[in-house]
Structures are given as structure tokens and as C-alpha cells.
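Colleague: I would like to learn how to read a structure with you, one feature at a time. Could you show me the model and start wherever you like?

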Amino acid sequence: MPATIIVGLQWGDEGKGKATDLLAESVAMVVRYQGGDNAGHTIVLGDAVFKLHLVPSGVLYPHITPVIGNGVVVNPQTLLDEMAMLQSRGVATGNVRVSEAAHVIMPYHVALDGAMEARLAGDEIGTTHRGIGPAYADRAWRVGLRMADLLEPRALRARLERVLPEKNAVLAQTHGGEPFDLDELVARTTDWGERLRPHIADTTALVQRALSKGLHVLFEGAQGTLLDLDHGTYPYVTSSNPVAGGACTGGGIGPLQVDEVIGVMKAYATRVGSGPFPTELADETGRHLLEKGREFGTTTGRRRRCGWFDAVPLRRAVAVNSVTSIMLNKLDILSGLPQVRLCVAYRIDGHVVEEFPSSGDLLARAEPVYETFDGWDADLGGVRRSDQLPPAARRYVDALEQLAGVPISIVSVGADRTATILRRERPRRPPLSVPALAADPSTASPAPAGPGGTPAAAGDGEPSAP
Ligand code: IMP
């Protein structure tokens, strides 16, 4: 049962959409497992460019079932608008499925996100203003609405009657905002429910059925490890778990169902929004990366902050995600720089630190310790094999691989699907093996019983007792 997770190893925008595109042929289902319409996936298909925020990028391939898992927070209006946009460009959306357990981003969440950011002025998170944090907060507070609730107008009204007065009070009294009208909200959410009814499903069952049939299911992470609520640069993070573990809780699988985790990273670093970024460059090189790399946010259009690659959080990201192989993107963007630098440690208060600090204050004081590499001039856009790369570029990739401790299997040298170097085999987790029983027959247990009481045959493709 092949399950692959694609996860960002930096602050998002690593090019995970291209990884999905490369694997799409073999995949039957693509599942989003966290985040919401704060994400931006850019997929280039021939001459067409698609920018998706909520619908999994699998929607662009007719043989793939795109699934929005229970861990996603869904703005139903965005979902409807995105499906309408896709239909108008000839992409069928009838098979999009959204979890009945996914939480709904309500209009008051969007209003609260904006109001709270405005209140933090000068110290804001720099959110995408999509209501992500407030929607996840309500989920944790157990006052959220789920997609299934949109199908039950009476229960929906009762829940909103309980929740809305408090939301309105906070909006009006704390933030000086406009309150929402109950009847109008009930009408709007009921309409969403009616229009989305054919798409709302038990997606955990769908995912499990696909896996039990041996189909390849891809779990598509949004944002990246350094924006993870637990492992990222808190509080300058998003409100969900982009790490691979998020695919279990938010996608409906167990940890032992995962066969491979592809970590995606760029050959340099970018970050949108506030928060510490030790290798940030405010000079000519930073401008080179911004302009040549076209580093502008897909969702907000904001300029991304750019800097050298930071290998300090890389080892941590590889570990917490159980990364089995890496896709390295945008190597071509570094062409033309006289030197390329790689941050291998920090100097904090006079000490050299190689572990990524979890304290934001420490990280804000971290000065990068760099290893410097020769640059290269050649345009890499046409390179298709590792041995065609300039020696300096090869040395840089080898150094990154050594620091990561897992193979860099794919290197991307352009947005197009063909601008890709398949550098190494992608290792997978070895199949689970049951520890051998002791040879002594007096201690050996009988073979485990399969369904119907018969001993389960090993390797028959059917689930068997442990
Ligand atoms: P939120 O997810 O809108 O709450 O924003 C929290 C932080 O995550 C901000 O710094 C955003 O800029 C950042 N963020 C959210 N989504 C993305 C993304 O898809 N790419 C990069 N940064 C993101």
C-alpha cells in the first residue's frame, strides 16, 4: 500500500507543487492534510499555469481523486470559487472530495484574523488574513463548525446561536469591528452546504479503501516544517502541522502506513511574513534571488524575504519528518552568483551552535556561520543529468546532501516538468517485517489467525493479523 508524503523542509514555497506533478502519473489520490487557503501551489502544465490555494493539485489530472482531508480548515466560498475557476478552464471538479470532519473557516474567523493582526501592529505574525489561526483556535476550543454541519441547517443555527454572540462581542468591543448577522450567516452557510453536498464525504474511509486496494496515495503538505505549530519558529508559524505527522492526523492514515516522505527544499531560503531568518540577505544577492527566483507570494503577492540556504534547521526537519529522500528545487536560480554560501552553524552570544534553537529569542540573535562555495555561470535550464552540472554546482548539491544525511534524489532546474534531474533512486521505508520467532518449537506461537480463523498467508496483499 504505497503512501507518499510530500513535505516542505523550509518556510513553505519550496515547490511542492512540482513534486506532486512529477509523481502524478502513478498516483490515484492526492490528499491535502492541513492548512487552508493560506497555501499557494503553482503548477505549470505546458503553457498553462494554475495557482491553487485549497483544492489539491491532483485535480489537474483526470485519473486522480483530489481529497481535502479532515485536518484542513475550509473556506467554502474559496472552495466554490476555485472549483468554478477550474471548470471555466476546462478542468473537471466533480470528483473533488472534502472531509465531513474538516473545520469551516467562517467569515468571523477572517475578520478576527485581520483585526488581531492590526492590533499587533509592529509585532504582527504577518498572516495571510485568511482566518486560519482563528478557525484552528475554535477547533481546539471545540466551538468550531465542521463541513458536515453545513448539511444540517437546524443544528447549524443552534450552534451559531451559541457561538456568534461571543464572536461579535470580541469583534465589536475589542477590535471595533462590525458584528455579523445570525440570519444572514445561517443563509450563507446553508447555501454553501447545498452547493457542496455532493463533495462532502468520509474521506478517511476513501483514503483507507484506496490504500487497501494498493493504490498510490499522495499526501500533499502545505507551508513547511519551519512554519509548523510545534516544530517551527513559534509564534511566527501557521496554526497547523505541516510536518509528515500531520498527514496521519489530518489525512486519515496511521504512521506505519507511510512508505516514503519526500522532503522538498529550495537551493536557497525564503520566508513570507515576520519572524527570525538568520540567513536573510538585504543586499544585491537577496535581490538576485527575489527577481530571478520570482519570489512573490502566490496567495498574497507579497515579496518573499530571501537568503542563503540554512542547513541548521535542515537536519531537524529531516528527523521530525522521517524524510526518506529530498527534492532540491530552483538550483538554476543560483547561476550567475560569484559565490554561494551555506549556513552550517550559528554563533549565538559568542557560542557556536549546531542545533536549531527552539527559542525565538535565541534564533533572532543567531549569526550565521557560512561555508563558501565557488559560484557558476552556466544556465542550468537544459541540464538533465547530474554529470552535466558544472562541477561547482555538483559540489554544492553534494554538500547539501551530506548535511541532510539522506539522498537528494531529484534536482529541479526550471519550472517545467521536464527541467528535472533524476539524480538517485528514491528509497522507501523497507516493508515491515515480523521479528523471527525463536527456533525452539516449545516457545513458538502458532501462526496468527486470518479472517475466518485460518492462518493469515504472508504477502497475499490482504490485511492480515499482526
Ligand atoms: P497564516 O497561516 O495565514 O496564519 O500565517 C502564518 C504565517 O505563515 C505567516 O508568516 C504567513 O506568511 C505564513 N504562511 C502561511 N501560508 C504560507 C504559504 O503557503 N507559504 C509561505 N508562508 C505561508
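Modeller: Happy to. Let us start with the domain contacts: 34 residues of domain 1 are in contact with 25 residues of domain 2. Keep in mind that this is a predicted model.

Colleague: Which stretches of the chain does the domain assignment give to domain 1 and domain 2?

Modeller: Domain 1 is made of 3-100 + 202-459, and domain 2 covers 103-199. Between the C-alpha centres of domain 1 and domain 2 the distance is 30 Å.

Colleague: How should I read the size of an interface?

Modeller: The general idea is that interface size is often quoted as the accessible area that is lost when the parts come together. Here, domain 1 and domain 2 bury about 2,400 Å² between them, and carbon and sulfur atoms carry 57% of it. On the domain 1 side, Val73, Pro76 and Leu80 lose the most area to domain 2, together 23% of what that side buries.

Colleague: And the polar side of that interface: how many salt bridges and how many residue pairs in polar contact are there between domain 1 and domain 2?

Modeller: The salt bridge count is 0. For polar contacts, the count between domain 1 and domain 2 is 13 residue pairs, with both residues at pLDDT 80 or more.

Colleague: Which residues come nearest to the ligand?

Modeller: There are 16 residues around the ligand, and Asp13, Asn38, Thr128, Thr238 and Arg302 come nearest. By class, the shell divides into 6 nonpolar, 8 polar and 2 charged residues.

Colleague: What distances separate ligand atoms from N or O atoms in the side chains of Asn38, Arg302 and Gln223?

Modeller: For Asn38, a ligand oxygen is 2.8 Å from a side-chain N or O atom. With Arg302, a ligand oxygen is at 3.0 Å from such an atom. For Gln223, the ligand atom is a nitrogen, 3.2 Å from a side-chain N or O atom. As for cover, the ligand taken alone exposes 470 Å², and the protein buries 96% of that.

How values were computed: Residues are numbered from 1 along each chain as its sequence is written. This is a predicted model: local features need pLDDT of at least 70, side-chain atom pairs count only at pLDDT 80 or more; totals for chains, interfaces and linings use all residues. Side-chain values use heavy atoms; hydrogens and water are left out. A residue is near a molecule or strand if one of its heavy atoms lies within 4 Å of it. A polar contact is a pair of N or O atoms within 3.5 Å; within protein, one must be able to donate a hydrogen and the other to accept it, and residues adjacent in sequence count only if both atoms are side-chain atoms. Accessible areas come from the Shrake-Rupley method with a 1.4 Å probe; for residues, only the protein chains shown count as cover. Ala, Val, Leu, Ile, Met, Phe, Trp, Tyr, Cys and Pro count as nonpolar, Asp, Glu, Lys and Arg as charged, and the others, Gly among them, as polar. Domain bounds come from an automatic or database domain assignment. Contact means heavy atoms within 4.5 Å. Buried area is the accessible area (1.4 Å probe) that two parts lose on being put together, summed over both. A salt bridge is a side-chain nitrogen of Lys or Arg within 4 Å of a carboxyl oxygen of Asp or Glu.
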